[in-house]
Amino acid sequence: MFFVLSKTLGYFLIPSNLIMAFGVLGLGLIFSKRRRVGRWLLAGCVAALLIFGFSPIGAILLLPLETRFPPWNPNTGDPTGIIVLGGGVDPELTAARGTPAMNSSGARIVVAAELAHRYPKARVVYVGGNSSLRSANFSEADVAEDIFKNLGIGRDRLQLERNSRNTDENVRFSMQLVDRQPGERWLLVTSASHMPRAMGLFRKAGFTVDPYPVGWRTSGWSDVYTFQSDWMTGIDLTNAAAHEWLGLIAYRLTGRIDELFPSPKSINPDAIVH
């Protein structure tokens with residue numbers, strides 16, 4: 001039920017979809033007795049699209065998420081394994097075109113492959129099923145397996161989880177797959193903006209991981225003063241930020257994380273809950 005609600009409500013609460021919904025309502029009202037209200041709604045929607053599209057609002061919302069966890073320090077020691085959260089590939093597009101297709105989060109897989117080459121003893125765990133509400137027989141892990149192979153990572157080093165559909169399930173299923181032991185150090189590879197929510201879930205589960213954020217959408221706090229050159233970029237940044245902030249709120253309200261905005265505090269690596 002949580003998965004279905006997160007997909008349906010999340011879809012309608014994304015800023016661009018919300019703006020368009022009010023726009024459609026305004027357009028309908030223009031042809032009714034409330035045409036004045038309709039005109040105001042349409043004008044408000046156009047203004048919202050311009051503001052969110054060209055202003056730095058999207059970057060302002062994303063920056064706290066992307067800067068929450070700093071880049072990983074390689075001087076802390078070699079990792080035992082690397083956990084890669086799903087979301088970097090498109091199973092449906094892969095099935096349609098017959099070749100592995102990555103999306104805007106594909107840096108997760110590329111960076112994980114680079115880490116695997118850098119640390120040849122580390123296990124690589126990819127966690128991702130299919131997040132579509134429609135029934136699907138093709139998982140993200142199936143696509144990721146081919147990409148890892150093409151990047152020179154042998155199947156003997158890979159562990160694939162094919163059933164998780166969201167971040168909450170990513171964490172729970174990866175715990176079952178990894179069976180982490182005291183003293184082991186695991187890297188968590190996911191998008192920088194997604195890292196706070198993922199870290200909050202791993203902490204709640206008692207699984208200590210070192211954050212390895214990738215795929216930044218912002219270049220730094222200077223973006224606060226930078227306006228976008230095209231409105232689609234701003235809308236895309238705003239949608240991405242809203243998705244993560246809404247996810248944090250939903251996960252906190254349902255008790256899946258203990259902090260609304262998980263911090264980069266240190267944790268005893270041997271504090272494991274089995």
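I count two residues as in contact when heavy atoms lie within 4.5 Å.

**Entry 1: ground rules.** I am working on a predicted model, where local features need pLDDT of at least 70, side-chain atom pairs count only at pLDDT 80 or more, and totals for chains, interfaces and linings use all residues. Residues are numbered from 1 along each chain as its sequence is written, and side-chain values use heavy atoms, with hydrogens and water left out.

**Entry 2: confidence.** I looked up pLDDT, the predictor's confidence in each residue, from 0 to 100. The chain averages 91, and 92% of the residues score at least 70. Over residues 267–274 the pLDDT is below 50. That stretch still has 19 contacts in the model beyond near neighbours in sequence.

**Entry 3: the sheet.** I took helices (H or I, at least four residues) and strands (E, at least two) as DSSP runs, numbered from the N terminus. Two strands pair if DSSP finds at least two bridges between them. In what order do the strands of the open sheet run? I read β3-β2-β1-β4-β5, 5 strands with parallel pairing. β3 (158–161) and β5 (210–214) stand at the edges with a single partner strand each, so one side of each has no neighbour in the sheet. From one strand to the next, the twist averages 20 degrees. For angles I use lines fitted to C-alpha atoms, for helices over the stretch in contact; values run from 0 to 180 degrees between N-to-C directions. Helix α6 (residues 107–118) packs on the sheet and touches β1, β2 (123–127), β4 and β5. The direction of α6 makes about 175 degrees with that of β1.

Entry 4: I checked β1 (residues 81–85) against β4 (residues 186–191): they pair in the parallel sense over 4 bridges. I82 stands opposite L187 of β4. On to β5: β4 pairs with β5 in the parallel sense over 5 bridges. Which residue of β5 is the bridge partner of L187? I found D210.

**Entry 5: β5.** I call a residue buried under 20% relative accessible area, exposed over 50%, and partly exposed in between (1.4 Å probe, protein chains only). In β5, 5 of its 5 residues are buried. D210, Y212 and V214 point one way, while P211 and P213 point the other. β4, helix α9 (residues 195–205) and β5 form a right-handed β-α-β unit. Right-handed means that, with the strands pointing away from the viewer, the path from the first strand over the helix to the second runs clockwise.

**Entry 6: helix α8.** The 12 residues should span 16 Å, and the end C-alpha atoms are 16 Å apart, which agrees. The buried residues of α8 include T167, F173 and V178. Its buried residues pack against β1, β2, β3, β4, α9 and α10. Just after α8, D179 takes a positive phi of about 55 degrees.

**Entry 7: two single residues.** I looked at N239, in helix α10 (residues 231–253). Is N239 buried or exposed? N239 counts as buried because its relative accessibility is 15%. Leaving aside neighbours within four places in sequence, N239 is in contact with I14, P15 and S16.

Next I took P64, in helix α4 (residues 57–66). P64 is partly exposed, at 24% relative accessible area. With neighbours within four places in sequence left aside, P64 is in contact with W221, W245 and F261. P64 and E140 are 76 residues apart in sequence and 28 Å apart in space, C-alpha to C-alpha.

Notes. The expected span of a helix is 1.5 Å times one less than its number of residues.
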